[in-house]
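Please keep it beside you and look along with me.

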Amino acid sequence: MRTYDIAPLYRSAIGFDRLLDMFESPDSMTSANDWPPYNVEKTGEDQYRISMAVAGFKPEDIELVQQQDVLIVFANKRPEPGGVQYLHRGIAARAFKQTFTLIDHLKVVDASLNNGLLTVELKRDVPEALKPRRIEIVSAAGDAMAGAAGRPAQIEHEPAKQAA
């Protein structure tokens, strides 16, 4: 088994401790419960879709819960009416719990069940206050790209304007 030293990442990946801990623990990378099968798709710049094959389940059998950065999908099959004798039971109808760790500000915007496929639409909505912004660098003299009199410096292609 090949191992990698990820210690250098701790120096530059500030705030990613939990993610880096997942790489150090191989048990956390594999899921003990891969049922039901699912796909995770990126459908846009900040949009994602989870599709789960849940044949035999009705919408009232499935529960979706989002708690901060975790999405949990629970399903519990209701008991079938008595008197049914199965000669072969190939459609799994067992209860399941599937957990997805979400990135910050990712919210469930829609969920639907159609033809045995549960589709969960997610969208990342970062507040304006948390979006990247450009920081202006001020020189030691306290003027930011300004001329001697506090006026903006001359742009190369514009002629200098005379002060009135």
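**Entry: an exposed loop residue**

I began with Q68, which is exposed, with a relative accessible area of 75%. My cut-offs are these: buried is under 20% relative accessible area, exposed is over 50%, and partly exposed is in between, with a 1.4 Å probe and protein chains only. I found Q68 in the loop between β3 and β4. Its phi is positive, about 55 degrees, although Q68 is not a glycine. I noted beside it that most residues other than glycine have a negative phi.

I then looked up N115, in the loop between β6 and β7. N115 also has a positive phi, near 55 degrees, and is a residue other than glycine. At 76% relative accessibility, N115 counts as exposed. The hairpin of β6 and β7 has two residues between the strands.

**Entry: ground rules**

I must remember that this is a predicted model, where local features need pLDDT of at least 70 and side-chain atom pairs count only at pLDDT 80 or more, while totals for chains, interfaces and linings use all residues. Residues are numbered from 1 along each chain as its sequence is written, and side-chain values use heavy atoms, with hydrogens and water left out.

**Entry: the overall plan**

I listed three helices and seven strands in the protein chain. Helices (H or I, at least four residues) and strands (E, at least two) are DSSP runs, numbered from the N terminus. Read from the N terminus, the order is α-α-α-β-β-β-β-β-β-β.

How many of the residues count as buried? I wrote down 16% of the 164 residues of the protein chain. The accessible surface comes to about 13,400 Å², and 53% of it belongs to carbon and sulfur atoms; such areas come from the Shrake-Rupley method with a 1.4 Å probe, and for residues only the protein chains shown count as cover.

**Entry: the sheet of four strands**

I traced an open sheet in the order β1-β2-β7-β6, with antiparallel pairing. Here two strands pair if DSSP finds at least two bridges between them. β1 and β6 stand at the edges with a single partner strand each, so one side of each has no neighbour in the sheet. On average, neighbouring strands of this sheet are turned by 20 degrees against each other, direction ignored. For such angles, axes are lines fitted to C-alpha atoms, for helices over the stretch in contact, and angles run from 0 to 180 degrees between N-to-C directions.

I went through the pairings in turn. β1 and β2 share six bridges, and the bridge partner of Y38 in β2 is M52. Seven bridges join β2 to β7 (residues 117–124), where M52 stands opposite L118. β6 (residues 106–114) and β7 pair over eight bridges; the partner of S112 in β7 is T119.

**Entry: the sheet of three strands**

I also traced an open antiparallel sheet in the order β3-β4-β5. β3 and β5 are the edge strands, each with a single partner, so one side of each is left without a neighbour in the sheet. The twist averages 15 degrees from one strand to the next. Between β4 (residues 70–75) and β5 I noted six bridges, and F74 has K97 as its bridge partner in β5.

**Entry: rings**

I searched the whole structure and got three aromatic pairs. Rings of Phe, Tyr and Trp (its six-membered ring) pair if their centres lie within 6.5 Å; planes under 30 degrees apart count as stacked, over 60 as edge-to-face and the rest as tilted.

One of them is W35 with F96, edge-to-face, at 5.5 Å centre to centre and 80 degrees between the planes. Why does this pair tie together parts that are 61 residues apart in sequence? Because W35 lies in the loop between α3 (26–29) and β1 (38–44), and F96 in strand β5 (residues 96–101). W35 counts as buried at 19% relative accessibility, and F96 at 6%.

F57 and F96 form another edge-to-face pair, at 5.6 Å and 85 degrees. F57 is in the loop between β2 (47–53) and β3 (62–67) and F96 in β5, so this pair ties together parts 39 residues apart in sequence. Ring pairs link W35, F57 and F96 into a cluster.

**Entry: charges over the rings**

I checked for charges over these rings, counting NZ of Lys or CZ of Arg within 6 Å of the ring centre and within 35 degrees of the ring normal. The charged end of K77 sits over the ring of F57, 5.9 Å from its centre. Over the ring of W35 sits the charged end of R94, 4.4 Å from the centre.
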